[in-house]
Amino acid sequence: MFETGGMNRRALLQRALVLAGATAAIGACDAIGFADSDSPFRHSAEDMALITALANVIVPTGDTVGAIDAGVPASFEGLMANWASPETREAMASVLETLGALDPDGADFAGLSEARQAELLTAFDTEALAPAEGGGGSPFGPPPASNPDYQRFKQLVVVLFYLSEPALTQEIAYTHIPGRWDPSVPVTPETRPQGGPGMF
Amino acid sequence: MDFDAIVIGSGMSGGIAAKELTERGLKTLVLERGGNIDRSNQADQTDWMQPWDLPNAGNIPEVELAEDYPVQSQCYALSSATKHLFVKDSEHPYQTPENKPFSWIRGYHLGGRSIMWGRQSYRLSAMDFEANARDGHGSDWPIRYDDIAPWYDHIENFIGVSGSREGLPQLPDGDFLPPFELNDAELQFKRAVESNFPGRKVIPGRVANLREAREHHRELGRGPCQVRSLCERGCTFGAYHSSLNSSLPAAQRTGNLTVITDAIVHSIEYDAASGKATGVRVIDANTKEGSTHTAKVIFCNASTIGTAQILLNSTSEAMPRGLANSSDMVGRNIMDHLYGLLTVATFDNMPDTFYFGRRPTGFYIPRYRNLGGADGDYLRGYGFQGGFSRNGGAGAAMAGPGIGEDLKARGRQLGTWQMFLAGFGEILPHPDNRVSLSTSETDQWGIPVAHIDVALRENELKLAAAIQEDGRAMAEAAGGTVVTSLGTPSPPGLGIHEMGTARMGADPATSVLNKWNQAHDVPNLFITDGAAMASSGCVNPSLTYMALSARAADATASMLAEGAL
């Protein structure tokens, strides 16, 4: 029914170690949730190439890890297959179609140089994320953008990156079991924001 | 009789009732309408999940969310890691009048909402227990603060409440564990508020997480809080109080506890000849077969609305309006707290320091309005919960246009301090705020669904305006820039503090329960969940439910020993 009985310090420590051991000790768990191989919502190779190019230019690998290191393209596909409603899938497909055709000369976006990709997407991004008229939105999030579908696409890419193990362990900071509360810590050049879900 | 006592519901108050009854030697049956939950089962408790383990990045599939969780999705704690702890609205319907929404947030499983609760733990004060008598709203509480104070001590000691002693009459101190201290920005905010607004205090939130685990906590398998702030997913360390972590294990070790899950209570049987409740009719949630369990006393802890449903559905020739309802007060006077009144501000004048750990609480600003009988433009008052954190990561990366290394640099930089202030205001008891039984719809077990009719009235709207005015003033006095101010309260219910449907009072003509939480009409029926509350105060109510439960269980045991029941 429920666990009873005393738990001594050793047992607590063992439990902590199990938690610290993370997914390998826990067993089966699809990280984020990839699309099943037979999912009807798998993307085509062309679309995956585009998603990969976009994720890479939004969060590139540089001195530190980027979206490709974090497996964002596959996670995005997983979200589309397992989480998105038909309306969201349609909206994201429309975004991809638009972004895939950003080059005024008609070249395939995924085939462009990274520099050219960044140039084109930066211009689009600036215009698309201009605040929408009317305000509103989440009290803790950015204002609604003039192109809400693109804003959502970009947010998915960014969130998938910052929830990934590479980002949380190399780009910013996350400790699953802090084990203590320290209300005042000096800031140093190495200090990074805390990631993960939750506000505190 | 099958048992000495039956407790209907295993949540916050039912768990404590079971503990206290069994510890006094009473053979006790706990009936839980939901399924079993096992602390050691990783499907039941998901606190082990790393952020990258969260199914769908924490999101419930959109179609499923819309179809199955249209109400529950309003609760901040619902995610792909916790959805098994929330009811599917599609399977557990209720009714509201058109244009009068009520958000009924529920969890049907062993332990109920004690698994997902916010853990904020504050005492009502002498002022609160006198409020109804003073301004004439609701029924006068049949107890005063001194009657319940020792039971607050008792519960705080058992569950473990971390907090600071402040000496404030409107927020009595208790038997606290060390607090989760304020961070540097909160300390500066505290200085600004307390110097600019005499009478206001900014204190560490009082929270039922073990800052340190004492021996009696460890005996139950509980360890200190690991400062993860994953509490709504359950806690492998047993570091916060819930029925699973604390009260039910304590009850079980007595050898006097029996628990039946998937047991939906249809009604309580009443024997007019003896004037007592004689049994509890149960429907198996899965097989839908019926059964009846009997006991000398019955504790109804099915949660405020659930308790009203059971009483109203327990009609008999002697009590055609429902059990213990000669006053016609069963189902009436439902309250919540004003909720969703949010102020968000950013600060560029705060110390350039950080913190370590994800504290399971923030700060609290106790009520400062209408103290000492000085009523202004409105009655009663409000408090604030809040906290400061530093921006960065995904939020900063998404804050505006920009891609590539610029975006990453934004995410990597420790950002500005951001504060949220959430006001919680008192809602007055009003007889027209009412739960009744639907005359047109039953659930899949044949029980009439709840019809919940609640409106916020003039006093509540005045409080809401004052909350937002004060929130902005405090943020700006501390040098903040208000970026969000939500001045419209959330739908009633979303505070998840519903209470009052079987209120306590001295007069059987106007109340349901006496000073021992004993039904005026049915002496062996006790109700110690939120239904018993005669007023709501402005503080989180679970601590009071638990104190009332322990106090009533103690009285019950004495009455049984004396042959009075």
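**View 1. The two domains of chain B in the predicted model.** Chain B is divided into domain 1, made of 1-163 + 206-335 + 498-565, and domain 2, made of 182-205 + 337-427 + 456-491, with bounds that come from an automatic or database domain assignment. The C-alpha centres of domain 1 of chain B and domain 2 of chain B lie 30 Å apart. Across the boundary, 24 residues of domain 1 of chain B are in contact with 23 residues of domain 2 of chain B, two residues being in contact if their C-beta atoms, placed from the backbone, lie within 7 Å. This is a predicted model, in which local features need pLDDT of at least 70 and side-chain atom pairs count only at pLDDT 80 or more, whereas totals for chains, interfaces and linings use all residues. Residues are numbered from 1 along each chain as its sequence is written, and chains are lettered from A and ligands numbered from 1 in the order in which they are written.

**View 2. The side of chain B that touches chain A.** Here 74 residues of chain B are in contact with 71 residues of chain A. Several elements of chain B each supply at least two residues of this side, including helix H2 (62-68), helix H7 (243-252) and strand S8 (337-347), and the largest share, five residues, comes from H10(B). Helices (H or I, at least four residues) and strands (E, at least two) are DSSP runs, numbered from the N terminus.

**View 3. Strand pairing between the chains.** Strand S1 (residues 182-186) of chain A and S9(B) pair in the antiparallel sense over three bridges, where pairing requires that DSSP finds at least two bridges between two strands. Within this view, Pro186(A) stands opposite Thr353(B) in S9(B).

**View 4. The surroundings of His520(B).** His520(B) lies in the loop between S15 and strand S16 (525-527) of chain B, and counts as buried because it has 21 C-beta neighbours inside 10 Å. A residue is buried if 20 or more other C-beta atoms, placed from the backbone, lie within 10 Å of its own, exposed if 12 or fewer, and partly exposed in between. Leaving aside residues up to four places away in sequence, His520(B) touches Pro508(B), Ser511(B), Val512(B), Leu513(B) and Asn514(B).

**View 5. Helix H1 of chain B.** The end C-alpha atoms of helix H1 (residues 12-23) of chain B are 17 Å apart, which agrees with the 16 Å that its 12 residues should span at 1.5 Å a residue, the expected span being 1.5 Å times one less than the number of residues. H1(B) is mostly covered, with 11 of its 12 residues buried, among them Met12(B), Ile16(B) and Leu21(B). H1(B) is followed by Gly25(B), whose phi is positive, near 85°.
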